[in-house]
Structure formats: structure tokens, C-alpha cells
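Have a look at the picture before reading on.

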Amino acid sequence: MAQAQIFHGVGQPLEWRSFADPTPGNGELLVRIDLAAICGSDLHTFAGTRNEPTPCVLGHEGVGTVVAAGPATTTAVGQRVTWTLADSCGTCRTCSRDRLPQKCTQLFKYGHAPLNDGTGLNGTYATHILIRPGTSVVALPDDVTDEMAVAANCALATMVAAVRAMRGHSSLVETVVIQGAGLLGVYGAALLTEAGVPTVLCTDVDEHRLGVAAAFGAIPILATSPEATLAAVRDHAPHGVDAVIEAAGVRHLLAEGVAMLRAGGWYGWVGLVHPDSVIGPTAEQIIRRCLILQGIHNYAPEDLRDAVDFLARTINRFPYGRLMSPPMPLENLETAVAHAREREFMRITVQPSATSLRSGPPKN
Ligand SMILES: [Zn+2]
Ligand SMILES: [Zn+2]
């Protein structure tokens, strides 16, 4: 039997519902969720600042173990896996010609689908999830723990996509600013550091988070004011930085980012995925300084494969244990969501019948 937390809408209690065990069909996998994480986009849904069809099973970040495999699947029962958060057709114009499977015309996104779509087991706030045929499933090496990999299929793969996009515009990148020391920013710092970028700066208003980003390779810059931030960046890059990645979701940072860039610099926008994102810089600033702006939303299957490879390569290099809370019980998801709002950890993780039952995670 599978069980899931059903979201009925803002302010309504979650419903812990049982499902008959679904039998995976052609190309489908039934995966037991071993660990899930509460992403910022889920917090927006719980708060009503983002709309999802209801009722639904929320949650898209997670790792699990294949417990049943339908015909025409290549992943073995018992394999620990992560999977792309979108299921795409692979054949439409957007998938094949434009190479943006995350924008497939038939797109299905886990954790964002109504309960009446398929089996209903479409999100990670559940004991099980049904993985569809157009989803890329990536096996997890034994030494990559659930805790390390739980956000690989959202935050980490997205930043892999951002770094790949940056590389697509310039192979000579010596200085990068990451705006925001949340999980996206921390992963970005680690990816760029490991890729050999000599100077990776990270700006944020939160000293604790900056400390974590520093442990993942960034030079921290406490953003006390736009002027002070710009001056600190100029100390490291008097001619402007080669690239900026916006990973904070704060719109006033866009003007700061534009001001930091050298002529011809690249600006990747990742975090501002909400309507409160009217941009401040003038077109003239962009034109006169020959800047390149690029939006990055979600990622392609190759980015998730690269994300898992990156984790395997850097197990001993970065302190992954500092990012995730100890697992909290999925049965008390409301409590876990309240903890996630306190931003004490980069992510609160949840687990069905978590062994570490307690009212809240310990301080790290
Ligand atoms: Zn996410
Ligand atoms: Zn498609």
C-alpha cells in the first residue's frame, strides 16, 4: 500500500491518504521514496503565492528505490535512483529541434500535477511515486547518500544547467558572482569551484548562509548595501566580472548584477521565477555594454546525469552534511513546512515514518 500527503489548497489541512499499490505499466517504474526535500517552490504553494491544481501530491525533490518495474524499462528493481522532475515526449519540436525537453509541449511535472492525472502518485510527499516513460532515471552510486542526492533533481541539476549555459557563451571565465547563498547558490559555488573558476564570489544578506557558501568554495560578500556589495566585487574584479548568476529571487539584485559585469559579460537568471520580477536595468545599459542575458529554468536529462557524477566526484571535497536537516516524519508534513520557513537549514527533509521522530530538527 502507498500513502501520500494530499494538498487541497491554501489553509486547508493536508490529508494522509492510502492508495492501492499501483502496477507500473509500459515504461513505468514504481519508486519507494526514501527521502524528500521541501523546496522553496513548495513553500510558495503552501503560502498561496504559487498556484497548483488541487487536490494533488506536492513535492518534486527526492530520491528513492525502484520497487516495481513495468515492461520496457531498463532500471532494475532494487536500484537507488533520482529522476528528472519533468517527463517529456522527446519528439515534439521543443524537445527535438530546440533541445529544451523541460519545455516539452506534452510536459508533465512531478509535484505539480493533479491527483486525477494517472495514478495520482505524482509527487514526492508520499511513500511511493510512479515514474513515467519519458522521465530520465539516473542510478545513484552507493556512496552518494540519500541526503547528498535529495535535491539533485531540482536545485543541483538546475545549477548544472546554468553553468553549462554560461560555458556556452564564454570558455574564459575567471570571475563569477552568484547572487544568493541559498541551496542554488551553494551548489553553484561548488560547481564553479570544481570546474576551476579562480574567483567565485557569493553575495547574500544572511551571514550563516554565506558561511555555508564559503565552505562550498565561494568568497562570501555580505550584502549590506548595493554600494558596499559593488565595491567588494570591484576589489576582486576591477574591470567587472565575467559572469553573474542570479539565484536569490530578489528583483532589485538585477540592477546590481548588471553593474558588476564587464563589457560583454553573461548574466544568468535562475531565481526570479515569480511575477514580482519587473526588471530595473534599462535596455540602454544592456546594449551599450554588450551584455548577454539568459534565463535558465529547470534542466535537461544530461544535467541531472552530470549532477550525480559531480556528487560522486566531490563526496570528500564539500561538506554536504551541512545542507539538509535530519529527516522529519512525512506524516507531520505541516510541522516540517513550518520548520522550512525558518530557513535554519538549506532544506528540510522528510521521510515516511522517519526513524528520527522528534518535534523538530536539532540546531546545526
Ligand atoms: Zn525544487
Ligand atoms: Zn516534447
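Helix H4 passes helix H5 in a right-handed crossing. Keep in mind that this is a predicted model. Two packed helices are described by the angle between their axes and the distance between the axes. For H4 and H5 (residues 183–194), the axes come within 9 Å and cross at roughly 50°. That angle makes H4 oblique to H5. On the H4 side, the residues that meet H5 are Ala 155, Leu 156, Thr 158, Met 159, Val 160, Ala 162 and Val 163; their partners in H5 are Leu 183, Leu 184, Tyr 187, Gly 188, Leu 191 and Leu 192.

There is a second pair to look at, helices H7 (residues 226–236) and H8 (residues 253–260). Here the axes come within 10 Å and cross at roughly 30°, so H7 and H8 are roughly parallel to each other. H7 also passes H8 in a right-handed crossing. Pro 226, Thr 229, Leu 230 and Val 233 of H7 meet Glu 256, Ala 259 and Met 260 of H8.

Now for the core. The largest nonpolar core has 115 residues, and Val 160, Val 186, Ala 189 and Cys 202 are those with the most contacts inside it. Which helix gives the most to this core? It's H4 (residues 152–169), with twelve residues. Both domain 1 (2–151 + 324–351) and domain 2 (154–295) give residues to this core, so it lies between them.

What about the two domains themselves? Their C-alpha centres lie 29 Å apart. Seven residues of domain 1 are in contact with seven residues of domain 2.

Next, a few single residues, sorted by how many C-beta neighbours they have.

| Residue | C-beta neighbours within 10 Å | Class |
|---|---|---|
| His 128 | 23 | buried |
| Asn 298 | 20 | buried |
| Arg 99 | 9 | exposed |

His 128 lies in strand E8 (residues 128–131). Apart from neighbours within four places in sequence, His 128 is in contact with Ala 2, Leu 30, Val 31, Arg 32, Ile 33 and Leu 121. His 128 and Val 197 are 69 residues apart in sequence, and their C-alpha atoms are 40 Å apart in space.

Leu 291 sits in the loop between helix H9 (283–288) and strand E15 (292–295). Along the chain, Leu 291 and Gly 265 are 26 residues apart, yet their C-alpha atoms are separated by 5.2 Å. Gly 265 is also among the contacts of Leu 291, along with Val 258, Leu 261, Tyr 267 and Ile 286, once neighbours within four places in sequence are left aside.

Most residues other than glycine have a negative phi, and most peptide bonds are trans. Arg 99, though not a glycine, has a positive phi of about 55°; Arg 99 is in the loop between helix H2 (93–96) and strand E7 (108–109). Asn 298 isn't a glycine either, but has a positive phi of about 60°, and Asn 298 lies in the loop between E15 and helix H10 (301–313). The peptide bond from Thr 54 to Pro 55 is cis, with omega near -5°. You'll find Pro 55 in the loop between helix H1 (40–47) and strand E4 (61–69).

Methods. Residues are numbered from 1 along each chain as its sequence is written. Chains are lettered from A and ligands numbered from 1 in the order in which they are written. This is a predicted model: local features need pLDDT of at least 70, side-chain atom pairs count only at pLDDT 80 or more; totals for chains, interfaces and linings use all residues. A nonpolar core is a set of buried Ala, Val, Leu, Ile, Met, Phe, Trp, Tyr and Cys residues joined through C-beta atoms within 7 Å. A residue is buried if 20 or more other C-beta atoms lie within 10 Å of its own, exposed if 12 or fewer, and partly exposed in between; C-beta atoms are placed from the backbone. Helices (H or I, at least four residues) and strands (E, at least two) are DSSP runs, numbered from the N terminus. Domain bounds come from an automatic or database domain assignment. Axes are lines fitted to C-alpha atoms, for helices over the stretch in contact, and angles run from 0 to 180 degrees between N-to-C directions. Angles under 35 degrees count as roughly parallel, over 145 as roughly antiparallel, 65 to 115 as roughly perpendicular and the rest as oblique. A crossing is left-handed if the near helix is turned anticlockwise from the far one by less than a right angle, and right-handed if clockwise. Two residues are in contact if their C-beta atoms, placed from the backbone, lie within 7 Å.
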